[in-house]
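Come along and follow the entries with me.

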Amino acid sequence: MSTAPPDADELRRRVGDFLAGHDPAATEPLEFLRARFDAGLAWVHYPEGLGGLGAPRALQPQVDKAFAAAGAPTNQPERNGIGLGMAAPTVLAFGTEEQKRRFLRPLWTGEEIWCQLFSEPGAGSDLAALGTRAVRDGDHWTVNGQKVWTSMAHEARWAILVTRTDPDVPKHRGMTYFVCDMTAPGVEVRPLRQITGEAEFNEVFLTDVRIPDEHRLGEVGDGWRVSTTTLMNERVAIGGAATPREGGMIGVVAKLWRERPELRTPGLHEALLRSWVEAEAARLTGERLRQQLTAGQPGPEGSAAKLAFAALNQQISGLELELLGEDGLRYDDWTMRRPSEVDFTRRSPGYRYLRAKGNSIEGGTSEILRNIIAERVLGLPGEIRVDKDVPWKDLPK
Amino acid sequence: MSDLLYSEIENDLRAGVRGLLDDKAAWTDVLAGTEKDDAHDAALWRALTDMGVTALPVPEDLGGAGASWRETAVVMEELGRAVAAVPFLTGAVLGVAASQAAGDRDLLSGGRTALLAVPFTTAPNGPLPGGVQADGGTVTGTVTSVADAAAADVLLVPASGGLYAVEAADARLTPVVSLDMTRRLCDVTFDAAPARRIAEGDDALRQALAVGAAMLASEQLGLAERCLETTVAYLKTRYQFGRPVGSYQGLKHRLADLWTAITQARAVARYAADCAATGDPDLPVAVAVAQAHCSTVTVRAAEECVQMHGGIGFTWEHPAHLYLKRAKSGALALGTPDRHRAALAALVDLPYGS
Ligand SMILES: Cc1cc2nc3c(=O)[nH]c(=O)nc-3n(C[C@H](O)[C@H](O)[C@H](O)COP(=O)(O)OP(=O)(O)OC[C@H]3O[C@@H](n4cnc5c(N)ncnc54)[C@H](O)[C@@H]3O)c2cc1C
């Protein structure tokens, strides 16, 4: 492949050609999506043959826009955030050719939903303390353990899974990363009801689950490094979406303020304006981050964006309830359900207030993000680590 | 969408200005300057003028650099970092912006420093001072708390619904002991001083104040970064209880939050600078956001800098107090964060009353 990667014009031409050959109105959606993937127009920065054309990532929005304008079916990215945002970049970075070919296409088209089997009851922020054991058995591994807070496990066909393969070395060294078949015998998914009433996340019990060695991602013992790739992509995915001014929760509260003058008090006015400024600052920071990525100057601002986003969502959703007064006392629905996506704007203010509490816990807590910024960005000295050189099996649990 | 990054030219410009400031405006020089009679560092101001950075947005045919407020903002960042005592915000920004808005080619091309004679707290969207009256080619009245007035060749004073140019020599300046002695104030009195009207109404003045507030955000950004860097460097080397104090989470987390707020300050300051440079109609909103955010962040950065240095941060012989005084004065200048939020309420249709 010695030809130069396609530029904006070339992509425009290719999308045009593709649409000429695949009328969105007349093609079955799944067939359309598969063909789009095969044409390299799924995620254009991926390599040829894997849904991309090796084009600059910055050109993706242009392609998505052109497909949307033509009324093309989407792959419903909101249903497969973990797959698209975390599993795919990890498979791309560490997968064998065989694995990339098997997993990426149905992942992108949305045929196969993914979940993330990382956290355990005894290993959250300290992910490397995890104890789910994988033991080699010829060309298979046998896995036993328990995972927790697994979002969308009830929808998922596949999982990215980190396990302990060597308990005799310090915790970061003895881990191995797999792709786990969620339909395999021994995988049991139990809903975990959360503060909003429904169950986005689950407990997942793994009992003698057999995983073929071909489903290992990366080397045996290299699971920490592979996980780090996943987590870095997670933070970018959470903090970095493009929004117009007053997009997101601030827009909901601003609208309420405009429509209900009787709710206004001086203190709430002050709080609203502060939040408005912060939301706009966060929005411009996200925009700047995207411009940096496009210009090939990625910075550490991604963790800052996630940190700020969590605080802001919590502040604004709390403000919304206070502003509503009596209506803020009501809730829409406590029924235990198992949603297939998280939707902040279509539910009630009470739901937004409660769901936003998860923003500073999921994907690395705000405290952990502050540690990361302080140590990796500012270069401040690390925490005292009592567990660094201790074999995993000897750690206090 | 506006370009929120720095161009290569802007980065080169930054390197040049920083080199000059490292050489001529180390904090010890700045501190010494605050105890001198001279209100500002005339040698440094000359060096900046020779470098061509004091007339960046002025067209080349008028002797300027034909650049824009974006590049000016980069210079402001560097001057903020150094807390340099030069009349740049007042002369090279507010004075130039007012002359430009008034379309006054003489002022722009004259190679003389023109400054706005308004209280330094005047906000672009707030009430304007009304203490000076124009009468038959002269102006009379007093304006208090004019920043850098001692550096002016020409004073631009709002009077009787217009903007007037007055030779500084024809005004009486009374120096004020200022909270920030790196940007000193004067009370200015005009007593039938000969004056030339350069603009009708207050559009030119408000435009200049808006551009000034946009540029001030960049100065604040530079200062906030300097405070953070100074603090981080100190916390790595200061040991207490057998550990660097920078290894304590109580401090680390506050600095991580500060860094996060500074990354946002950079985005909002760049946006405001770009709006000023391109004449974007969103400038009033961009300025209100930038000022409300950057003023707050910079004061926090300077206050943390003092606190995290402990006793040494409270001494005269340490730069922290220079940063703090500049930061707090800057937060009051050209409108407090609260005034900018109040302006925003009207601009983005979030009024208190109906
Ligand atoms: C809505 C939601 C969805 C989730 N989805 C998934 C998923 O799909 N897959 C998955 O694997 N996990 C998922 N998680 C789990 C999430 O990643 C963990 O909850 C998170 O990493 C924190 O771990 P923990 O719950 O064990 O808390 P702990 O780690 O026990 O933390 C408890 C408290 O101590 C603080 N703390 C811990 N260590 C430090 C330290 N070194 N310094 C300072 N403070 C510290 C934490 O910030 C927290 O406040 C989800 C969580 C939520 C809320």
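My entries below start with the interface and then turn to the rings.

**Entry 1: the interface.** I kept in mind that this is a predicted model. I looked up the contacts and found 45 residues of chain B touching 45 residues of chain A. The area buried between chain B and chain A came out at about 3900 Å², with carbon and sulfur atoms giving 67% of that area. On the side of chain B, Trp259(B), Leu350(B) and Tyr352(B) lose the most area to chain A, together 19% of what that side buries.

**Entry 2: charges and polar contacts.** I noted 6 salt bridges between chain B and chain A. I looked up Glu375(A) and Lys252(B), which form a salt bridge whose closest N and O atoms are 2.8 Å apart. The interface also has 20 residue pairs in polar contact. Which element gives the largest share of the side of chain B that touches chain A? I found that α8(B) does, with 15 residues. That side of chain B divides into 23 nonpolar, 11 polar and 11 charged residues.

**Entry 3: rings.** Phe32(A) and Phe67(A) pair edge-to-face, 6.0 Å centre to centre with 90 degrees between the planes. Phe32(A) lies in helix α2 and Phe67(A) in helix α3 of chain A, 35 residues apart. Both of these Phe residues, Phe32(A) and Phe67(A), are buried.

Next I checked Trp43(A) and Tyr46(A): their planes are at 15 degrees and their centres 4.0 Å apart, so this pair is stacked. Trp43(A) and Tyr46(A) are buried. Finally, I saw ring pairs link Phe37(A), Trp43(A), Tyr46(A) and Trp108(A) into a cluster.

Definitions and conventions: Residues numbered from 1 in each chain as written. Chains lettered and ligands numbered in written order. Predicted model: local features only at pLDDT ≥ 70, side-chain atom pairs only at ≥ 80, totals over all residues. Heavy atoms only, no water. Contact = heavy atoms within 4.5 Å. Buried area = accessible area lost by both parts, 1.4 Å probe. Salt bridge = Lys/Arg side-chain N within 4 Å of Asp/Glu carboxyl O. Polar contact = N/O pair within 3.5 Å; in protein donor to acceptor, adjacent residues only side chain to side chain. Helix = DSSP H or I, 4+ residues; strand = E, 2+ residues; numbered from the N terminus. Nonpolar A, V, L, I, M, F, W, Y, C, P; charged D, E, K, R; others polar. Phe/Tyr/Trp six-rings, centres within 6.5 Å; stacked < 30°, edge-to-face > 60°. Buried < 20%, exposed > 50% of the residue type's maximum accessible area, 1.4 Å probe, protein only.
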